[in-house]
Amino acid sequence: MIKPLRGMKDLMFEDAERFVYTIKTAIEIAKRYGYSYIETPILEETALFKRSVGDSSDIVSKEMYQFEDKGGNDVCMRPEGTAGVVRAFVSNKLDRQPVKQKFYYYGPMFRYERPQKGRLREFHQFGCESFGEASVYEDFTMITMISQIFEALGIGFDLKINSLGCPECMPPYRENLVSFLTNIKEELCTDCNRRIDTNPIRVLDCKNEKCQSLLKESPKLTENLCETCQSDFQKLTALLDDAGIAYEVDTNLVRGLDYYNKTAFEFVSNEIGAQSAIAGGGRYDKLVEYLDGKPTPAVGFAIGIERIMELVKMPKKQKEGIYMGAMTPEAVEHLFPLAAKKRKETKVTVEYTPKGFKTHMKGADKAGARYALLIGEDELKNGTVWIKDLETKEEKTITLEAF
RNA sequence: GUAGGCGUAGUUCAGUUGGUAGAGCACCUGUUUGUGGCACAGGUUGUCGCGGGUUCGAGUCCCGUCGCCUACCCCA
């Protein structure tokens, strides 16, 4: 028996309904904020992710489904959504137009990791990218939108925010940090020692308790921001306060992807195991340039669908449609024209096998139908059908024509 | 890659100190050839993950292997 690959799942029945409902809800809200749908390829040139997500990131350095295609191209299944959307933004020359663009997308992402709760090799994200808006108002609006999506889905969350600075204030801070870290190098874990060279900011995010206590004295990002970054961050917190959105400033919050700057945020849930991030995002003002576009400020985020699926509160399922059955073999074919007619407006389940009355009624329940329509000997003789409303229990017998 | 846990019917699991498998749910049929969701009665389903070893005999013990889950790491 062939089974799905490790970390990949089939989705059906109740789970599939939750999935569709979740995406649908997110789309509806994103549209209200002016986002339009964008679909980009799952397979992209590997260079795209190396340049955007970053060579030193775990995602690129060890988690990509990367291979050579039959034409000898170095290609890669997308490990995240932003890079592809930015690439599309640039390759379609939208960066040359002085128009702000907002896109939403959803679809599968691939990372070759060890699966665990909330982490699959093929997983799905819903995300938004906003291009051309430099104002922190947009960061705020985006966070508001995510809150609204989670609220609509009945999901509780904690919000963490941070500022990662800009090319003006980040490099000096970075040097500062590196010298601090170098001093305590011997006491830091091996991972952190590696990170000092590759991506020192990530050290701040180390989960190791020993490292964390040593880092208490470290220079803080938020205390070393330039004037603009500082005032934007303050404005963001003020806007969130006014909007009544609870948040926590987490100076150790570092996004795992290299392209972020200024605002970074993460929505977490404490109900879903160790992989608690249910949404993450932030500003990436330099990425369009990195990918050969004209300088364009941008903000974006992504929601992990699988991570929120079990938290989604679904609306109650209603009985729906009509179950049709016959009790004699001759009557079966009378069902088809009726079904064809009703399928123009509602769900119809037709049972082809003639069965006893009781069995049909059970079948109607199982199908979740609102109405049961049966044709038996009497109905066949009289040219009528028998219909029962399974909720109100009302029943009636009417002619075929009247149906 | 590392660590721990687990692999027995469609599913959730039980299986005592080794004696060739069981329960609930689900499914099918019936209890009334015409009133469902309930109840009752009956019935179907297993290479006990795979391979090897010990033994008269292994679901049970030993070794190996594969798979799943959880956690580290990292992130959505």
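## Ground rules

Two strands count as paired if DSSP finds at least two bridges between them. Helices (H or I, at least four residues) and strands (E, at least two) are themselves DSSP runs, numbered from the N terminus.

What you're looking at is a predicted model, where local features need pLDDT of at least 70 and side-chain atom pairs count only at pLDDT 80 or more, while totals for chains, interfaces and linings use all residues. Residues are numbered from 1 along each chain as its sequence is written, chains are lettered from A and ligands numbered from 1 in the order in which they are written, and side-chain values use heavy atoms, with hydrogens and water left out.

## The sheet

Start with β5 (residues 101-110) and β6 (residues 122-131): they run antiparallel to each other and share 10 bridges. For instance, Y104 has C128 in β6 as its bridge partner.

Now zoom out. The pair belongs to an open, mixed sheet of eight strands, ordered β1-β5-β6-β11-β10-β9-β7-β8. β1 (36-37) and β8 (248-249) sit at the edges with a single partner strand each, so one side of each has no neighbour in the sheet.

## Around the RNA

How many residues surround RNA strand B? There are 48, and the closest are R195, R202, G256, K393 and E395; a residue counts as near if one of its heavy atoms lies within 4 Å of the strand. Of the RNA strand B atoms that come within 4 Å of the protein, 52% belong to sugar and phosphate.

Sorted by class, this surface has 27 charged, 13 nonpolar and eight polar residues. (Asp, Glu, Lys and Arg are charged; Ala, Val, Leu, Ile, Met, Phe, Trp, Tyr, Cys and Pro are nonpolar; the others, Gly among them, are polar.) Helix α13 (357-366) is one of the elements giving at least two residues, and its six are the largest share.

## Close-up on the bases and sugars

With A279, a backbone N or O atom lies 3.4 Å from a sugar or linking oxygen of RNA strand B.

## A salt bridge

Side chains of opposite charge can pair when their charged atoms come close. The whole structure has 20 salt bridges (a side-chain nitrogen of Lys or Arg within 4 Å of a carboxyl oxygen of Asp or Glu). One of them joins E44 and R87, at 2.6 Å from N to O. E44 is in β2 (residues 43-45) and R87 in α4 (residues 82-91), so this pair links parts 43 residues apart in sequence.

Key
A polar contact is a pair of N or O atoms within 3.5 Å; within protein, one must be able to donate a hydrogen and the other to accept it, and residues adjacent in sequence count only if both atoms are side-chain atoms.
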